Amino acid sequence: MENKRGKLLIIGFGPGSFDHITERARKAIEESEVILGYTTYVDLVRGLLREDQQIVQTGMTEEVSRAQEAVRQAELGKVVGVISSGDAGVYGMAGLVYEVLMEKNWSERDGVTVEVIPGISAINSCASLLGAPVMHDACTISLSDHLTPWELIARRIEAAGEADFVIALYNPKSGRRTRQIEEAQRILLQYRSPRTPVGLVKSAYRDRQSVIVTDLEHMLDHEIGMLTTVIIGNNSTSVYDGKIITPRGYQRKYTLDAEKQTLAPHQRLREENEPWALHTVGADKKNEKSSPRFLAEEALSRLQGTKGASVSVPAVPAAPRAFVQESIFEFAVSPGVANKKITSAQLIALAEIVGENGTMEYTPHHQINVSVPTDCPEVITGKLRETGLIVLPVGDVVSIKACDFCNGEKTDAMPYAEKLQELMGGMSVPKELKIGINGCGMSCYGAVTEDIGLVYRKGKFDLFLGAKTTGRNAHVAQPVAEGIEPDEIVETLEKIMRKYKAEGHPNERFYKFFKRVKEIEGFRHEDAPVQVLVEAVCGD
Ligand code: SF4
């Protein structure tokens, strides 16, 4: 009779709670005739074991003999389960078992059957308790120098720190090994801010679970032990409501008076928002030195020496260099509300500021939108304002679009346009909003096609609300009032803006808001399309 072929099931059972063991791991434990494991691990899965199973428990440092025994039992034709917490292939038993098999010239075709059953590793289970710290490139580094020289571990921490990986430190500390975590902190502080979020998770999903959110500077003020996993964020990681969050992307955008923030989901994959991408770097070397690829290659070359690295860098670092996250400053410039003429001095100042790395876009809204990588916006705005340019925020803000008042010949309405610019230009609102102001009934700059239109006529203002400025069913604004006294127009618009700001839904365009609320400051919305009659004469 043919001998029964033995089977080795190398089982990762996750963090330790039964809720987080995979179905395959449960079945593999059930299927095993022999279970081998470190005593603590056996205790963690004891509720899944049967009396007729042979249980072989060994101490923590006896992994090699455990692997040898597992192979021996399998070669006797038994189904042998070798259990590891977390994932058996991440600092677990899978590699050791294969090493023993390799020594015996095992082959998949003739030897015992081997199956590695994946489990949830500590980097994942601990991350889930901390929020979402591992949303970007991450690495695990074990600080145990029992089997790995400390010098190599230190170089790995250095490389991961410089290349801005999120780092999960396994085995950070034990009774005898206390200096490694201090040394790891010292190295990482050369590359990351002391405020970098750090999560300390002990016994994730077990009875004595503890979760601490701290930072790189203060992490050693807390208890760290054998059962702790330390997760250290990258340069863009932040803490929100006690949770550590690493954004999916790197670039942050901001405009005047606005917080730096990561790109909104719909902005992320646009080519202009990924200037560091390989195709961009290949086409234009300007971003090479700060690209993740460059940094990763540099870190790799330092581990390997310069051999094989495609970028030439010294093998020994002269000085540590922190990864600097790029921020894009976006704003708009205009020579004035009514003034449409830009001077050569202004253009030269703009060109110098935008340089090779920024962009300028002329828009149909009487302004140039500028985008430059910088962390010093005050310097830029200061230089531009010195030349007389108006510097404005972009995004969901109020823009004032005035006509040129017949090249400054019809100036009666101009002071009101300037006042509105002063009070409301750049005001943050639920969705970008334009106020068009035209100096006479010719309305040749199309005020009635803006979200809000003002037409100065016969010494007073006509008010138009709620144009739909784009789309196939675009329409002009509804004329809601004629002959508003100039002294009242600024206050009237202020009240309208206050209501829109307070009651508008995020991203709700003004025409939709007007339609929804039906009435603003006594001006009632009308559903029917309205034909706008504008006097076709230039004059008051
Ligand atoms: S014609 Fe009227 S609307 Fe056009 S620029 Fe002159 S004042 Fe402004």
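I work on a predicted model, where local features need pLDDT of at least 70, side-chain atom pairs count only at pLDDT 80 or more, and totals for chains, interfaces and linings use all residues. Numbering runs from 1 along each chain as its sequence is written, and side-chain values use heavy atoms, with hydrogens and water left out.

**Asp 462.** Asp 462 sits in strand S23, residues 460–465 (strands are DSSP runs of E, at least two residues, numbered from the N terminus). I list Asp 462 as buried because its relative accessibility is 7% (buried is under 20% relative accessible area, exposed over 50%, partly exposed in between; 1.4 Å probe, protein chains only). Not counting residues up to four places away in sequence, Asp 462 touches residues including Arg 457, Ala 481 and Glu 482 (contact means heavy atoms within 4.5 Å).

**Asp 241.** I found Asp 241 in the loop between strands S12 (238–240) and S13 (243–245). Asp 241 is exposed, at 71% relative accessible area. Its C-alpha lies 9.7 Å from that of Gly 131, 110 residues apart along the chain.

**Ligand and cysteines.** I count 12 residues around the ligand; Cys 403, Asp 404, Cys 406, Cys 440 and Cys 444 are the closest (a heavy atom within 4 Å qualifies). Cys 440 is buried at 8%, and Cys 126 is buried at 2%. My disulfide search of the whole structure returned zero (cysteine sulfur atoms within 2.5 Å).

Key
Helix = DSSP H or I, 4+ residues; strand = E, 2+ residues; numbered from the N terminus.
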